[in-house]
Amino acid sequence: MRKLMILISAQIVYVLLSAFISFVEIDDTGNPPASDGTGSVNYPYSISKYEISNAEYCQFLNNVVSQKDSLNLYSPLMGQHFFGGILFDPISANSRHRFFVKDGYEHKPVSGVSWESAIRYINWLHYNALNIRDNKNVADFVPLTEGDKTHGAYNTVTWERNSGALYWLPNRDEWNKALYYDGKQWKEAYLDSASNSYNKVTGWHYPFPHLADMGISGPPSHYGTLDQQGNLAEWIEDKNGEMRVALGGSLIRPMNFAGFGQSEGDFQNKSIPSFGFRICRNTDLIRKLTHSPEIFIPEFKKTDTIVQRQGPNGGVFVLINHPDNESDRQNQFKGRVGYEFYISKYELTNGEYCRFLNAVASRSDKYHLYDGNMGSSVGGGIQKDSLPDGRWVYTCRQDALRLPVVYIGYYELARYCNWLHYGCPKGEQTIGITEGTGNRGAYDTSDFENVRSGRKQAYASFGQRNPGARFWIPNDDEWYKAAYYDPTKIGNRKYHDYPTRTSDIPLQSQANFMRQSTLSVGTPRYYAPVDSFGNAESYFGTRQQGGNVWEWIEGWQYGSVGIRTLRGGSWQYTEYGLNAVNEDPGGIDDKSYLFGGRIAMAADLSTGFVPSKISVLTRYYQWIQTQSPTRTILISLAIAGLFLCLLLSIIFVLIKWRLASKNI
């Protein structure tokens, strides 16, 4: 009964105070630090009584996300995970009501918010502080989340708090003081026995979904905060190396994780199901506001439009511009391309490949461009039939025209590129049709059969495009840039983790892959049409570079000659296949019902591919960045030693020359 009364009273208080956020004031300025040196704060501040709720964060989403959520403010975990309490309606015509709170989650804290999204929520509060103070309708709020060094609560490039911040994420001092200081002394041994923590013996503290409503789990702190221990871990401003810190333990951790001095954390752009946050504010400044804070107007930046071009044989290509873009420092400096090029918007289809077969394999199929599995096997969509005159005709099923072609290996794809390079002629599988030499065609095919049969060993340049190629298989940097690069992405890293223009795991409504043992498409088709998922294009406009079928890459996996690279995952593989860090191996002569491809095209077909060069210093810098700290120090010392030896040698020669000159 007592717990029920607490729950009812907490909900009444929550409803009354959640016009926006309820705060408690922290005074006792100049308090002594705790034993670890933290917690001394020499200024008054307020901190939110509860963690930020689903309802409060949902208001934010409906105010700032009108079309695409390019900043990933909504994490799929908020809808999919049982801790998550916010659902998203992608087809809602009303952008102000596209997000809504799950039934029963109205009084639970929002989970799955990344540290960066918490900062952007705080910036939004900062810009609207006057509206919040005066109880204005959220519809009147400025939908602004970004800041620089003079605008907003935080600079969203450096992620530093500005001196004039009206709201902010508590640092360790502010957070610890709010919980462990009682106005006179520190209570470092405090552990709330009623907190929502996980017990190794009895299990979850509350029944499913295990996350407690706000304010029911234990007594308030001296200043009046609730739920600072257990329930959700809370992001704070501090860093630990490259990771942001979270305090207070959580419902998935034993109670001791919530104690003083304990912490956990993760990368600031990651959504963690067991992490939430609470906020601070400068109550004195907000009381004195006479006008809204100056809004942030970013410098003019060119907004690219997707440039499409029709290729031969029905292909659609999109322009990959921004030449000499920065590489991805978080993933072995991949993604830098020094030239503009096009890449096919979609994976190669059965319809396109069927036209290719009819052009080059109607009288003979010397190089086995047609695989028997393309007929009735899973993924098959192309039927081969004999004509009375001895020729063959290839027919694509109508329901498979826009499905990706599978059962093609690297060599079939290279010969398809040669055919495109020559202008899609009809004829036998010879030079000028599907075959090439070192100075003719997109690919030199002279060693293809020797290597794939094992008569000759693969070598580093085997299967690499010719200079002047008009069409080719994208290499790792080209494919990676088309999938993950986004120059409009806020922050220092201009790459997403997934080709759906997000660093959160995509929804299965955004890509065809397996999630928690569940397929996106499933029986009977399994494969998605290549033009599906228009809601999840890359920055440049490609579709399904994640999921559906693995795509061949020009080059060797991790430089290991003999093992081709495959990227993008498939309908049968988990979300890991879609991630930027993943490369799968392809055998020298592999084909599969999961292997397909995508084609690149030269920006200028009259000149074809013109390779660009990276300076030796740039290559060395990128290489040294991938080494361990110990190895970097040893290499640096070795180089310094060599330079010193060289310098001493030069000095010795000069001295010897000078002495010899005097003797003369």
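N548 counts as buried, at 0% relative accessibility. N548 also has a positive phi of about 70°, although it is not a glycine. The structure is a predicted model.

**Positive phi**

- Most residues other than glycine have a negative phi, and most peptide bonds are trans.
- N548 sits in the loop between β18 and β19.
- Q516 is not a glycine either, yet has a positive phi of about 50°.
- Q516 belongs to the loop between β17 (514-515) and β18.
- Is Q516 buried or exposed? Q516 is exposed, because its relative accessible area of 70% lies over the 50% cut-off.
- N548, in contrast, is buried, because 0% falls under the 20% cut-off.

**Cis peptide bonds**

- F208 and P209 are joined by a cis peptide bond, with omega at about 10°.
- P209 lies in the loop that runs between α6 (172-180) and β6.
- T523 and P524 are also joined by a cis peptide bond; here omega is about 5°.
- P524 is placed in the loop between β18 (518-519) and β19 (550-556).
- That loop, between β18 and β19, also holds N548.

**Helix pair α8 and α9**

- Two packed helices are described by the angle between their axes and the distance between the axes.
- Helix α8 spans residues 350-360, and helix α9 spans residues 410-421.
- Their axes come within 11 Å and cross at roughly 75°.
- The two helices are therefore roughly perpendicular to each other, since the class runs from 65 to 115 degrees.
- On the α8 side, the contact involves E352, Y353, R355, F356, A359 and V360.
- On the α9 side, E412, R415, Y416 and W419 take part.
- By class, this contact has six nonpolar and four charged residues, and no polar ones.

**Four-stranded sheet**

- Four strands form an open sheet with mixed pairing.
- Their order is β8-β7-β6-β9.
- Which strands stand at the edges? They are β8 (264-266) and β9 (275-276).
- Each edge strand has a single partner strand, so one side of each is left without a neighbour in the sheet.
- β6 (residues 233-240) pairs with β7 (residues 243-247) in the antiparallel sense, over four bridges.
- Within this pair, N240 stands opposite M243 in β7.

Conventions: Residues numbered from 1 in each chain as written. Predicted model: local features only at pLDDT ≥ 70, side-chain atom pairs only at ≥ 80, totals over all residues. Heavy atoms only, no water. Axes fitted to C-alpha atoms, helices over the stretch in contact; angles between N-to-C directions. Parallel < 35°, antiparallel > 145°, perpendicular 65-115°, else oblique. Contact = heavy atoms within 4.5 Å. Nonpolar A, V, L, I, M, F, W, Y, C, P; charged D, E, K, R; others polar. Pairing = 2+ DSSP bridges. Buried < 20%, exposed > 50% of the residue type's maximum accessible area, 1.4 Å probe, protein only.
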